[in-house]
Amino acid sequence: MAEEERYSRNMKMLSPEENGRLRQTCVAVVGCGGLGGGIIEMLGRLGVGKIIAVDGDVFEASNLNRQLLSHTKNMGQGKAKAAVERMALVNPDVEVKAEQQLLTAENAPELLAGAQVIVDAVDRIGTRLMLQQVAETMALPLVHGAIGGWYGQVTTILPGDKTLDVIYAGADNQGIERDLGNPSFTPALVGAAQVSEVLKLLINRGTLLRHRMLYIDLFEQEYTVLNLGEAPDAGGSTK
């Protein structure tokens, strides 16, 4: 399939130069479940050249209600490896590097090497805070997303921001999704918002959710951008 045809519907939004630039980029997605599976799909369809998919978990029946990479024939299979198989069907020009292991502060620099953006698609607060520190150490932006029931949130964190320290001050390690549930539609919407932030970082265009958090209430269909505070020398855009 000709590249021009595959990405033709991106061209009203992206310039040919931006589309070409995406083919040279690398994004690390940590967590390949409800959020991460959809994020990997969208990044690949956009034409991101390389995706590092990190997840040490395997599929089980409770994943089938929402996790795009799961299906009845891959129960017990590693989630990161499933991302490779899926992308081979969707866009074989995209390289997916599967890291079928738990990310830790110790192995993160090796597993995420080469990434330009890290995407937080995990489900534990402690892991998110560790990921924020990893991104800080590696001098990389982190795009955070979390869901619980009808609700979701998205923010973009640049090195030095430590935004998750504000969001999760005083919280325990369990995400609210364990109390509110995980439907199919909330991860899809939050993941899409995360991908839009990743895209803006990669093409260096648009206003980021930096020092701000998009809060989504799908029960009332309310979308609120909360100001989380800003360092005196911090900007709010990709520029």
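## Leucine 14 and its contacts

In this predicted model, leucine 14 is in contact with Leu22, Leu199, Ile203 and Arg205, once its neighbours within four places in sequence are left aside. The residue is found in the loop between α1 (3–6) and α2 (16–22). Leucine 14 has a relative accessible area of 2%; the limit for a buried residue is under 20%, so leucine 14 counts as buried.

## The nonpolar cores

The largest nonpolar core has 42 residues. Val27, Val29, Ile39, Ile40, Leu43, Ile51 and Val198 are the residues with the most contacts inside this core. Both helices and strands contribute to the core: at least two residues come from each of the helices α3 (34–46), α4 (79–90) and α9 (185–203), and likewise from each of the strands β1 (26–30), β2 (50–54), β4 (117–120), β5 (142–148) and β7 (212–217). The largest share, 8 residues, is supplied by α9.

Valine 198 touches Val27, Leu43, Val117, Val119 and Val143, with residues up to four places away in sequence not counted. Another core lies apart from the largest one and has 23 residues, including Ala108, Val134, Leu142 and Leu164.

## The chain as a whole

The protein chain has 9 helices and 8 strands. Its radius of gyration is 17 Å, close to the 18 Å that the globule rule gives for 239 residues, so the chain is as compact as a globular protein of that length. Taken along the principal axes, the box filled by the C-alpha atoms is roughly 50 × 40 × 40 Å.

Among contacts in the protein chain with a separation of 6 or more, 66% join residues 24 or more positions apart. Of the 239 residues, 50% count as buried.

## Surface and charge

The protein chain exposes about 11,200 Å², and carbon and sulfur atoms supply 52% of this area. There are 22 positive and 29 negative side chains in the protein chain. The centres of these two sets of charges lie 5 Å apart.

## Two loop residues with positive phi

Most residues other than glycine have a negative phi. Lysine 162, which is not a glycine, has a positive phi of about 55°. This lysine is found in the loop between β6 (151–157) and α7 (163–167). Lysine 162 has a relative accessibility of 32% and therefore counts as partly exposed.

Glutamine 221 also has a positive phi, near 55°, and is likewise a residue other than glycine. Glutamine 221 is found in the loop between β7 and β8 (222–227).

## Asparagine 227

Asparagine 227 is placed in strand β8. The relative accessible area of asparagine 227 is 65%; since exposed means over 50%, this residue is classed as exposed.

With residues up to four places away in sequence not counted, asparagine 227 touches His211 and Arg212. Asparagine 227 and leucine 209 are 18 residues apart in sequence, and the distance between their C-alpha atoms is 9.3 Å.

Notes: Residues are numbered from 1 along each chain as its sequence is written. This is a predicted model: local features need pLDDT of at least 70, side-chain atom pairs count only at pLDDT 80 or more; totals for chains, interfaces and linings use all residues. Side-chain values use heavy atoms; hydrogens and water are left out. A nonpolar core is a set of buried Ala, Val, Leu, Ile, Met, Phe, Trp, Tyr and Cys residues joined through side-chain atoms within 4.5 Å. Buried means under 20% relative accessible area, exposed over 50%, partly exposed in between (1.4 Å probe, protein chains only). Helices (H or I, at least four residues) and strands (E, at least two) are DSSP runs, numbered from the N terminus. Contact means heavy atoms within 4.5 Å. The radius of gyration is taken over C-alpha atoms; the globule rule is 2.2 Å times the number of residues to the power 0.38. Accessible areas come from the Shrake-Rupley method with a 1.4 Å probe; for residues, only the protein chains shown count as cover. Lys and Arg count as positive and Asp and Glu as negative; His and the chain ends are not counted. The place of a charge is taken as NZ of Lys, CZ of Arg, CG of Asp or CD of Glu.
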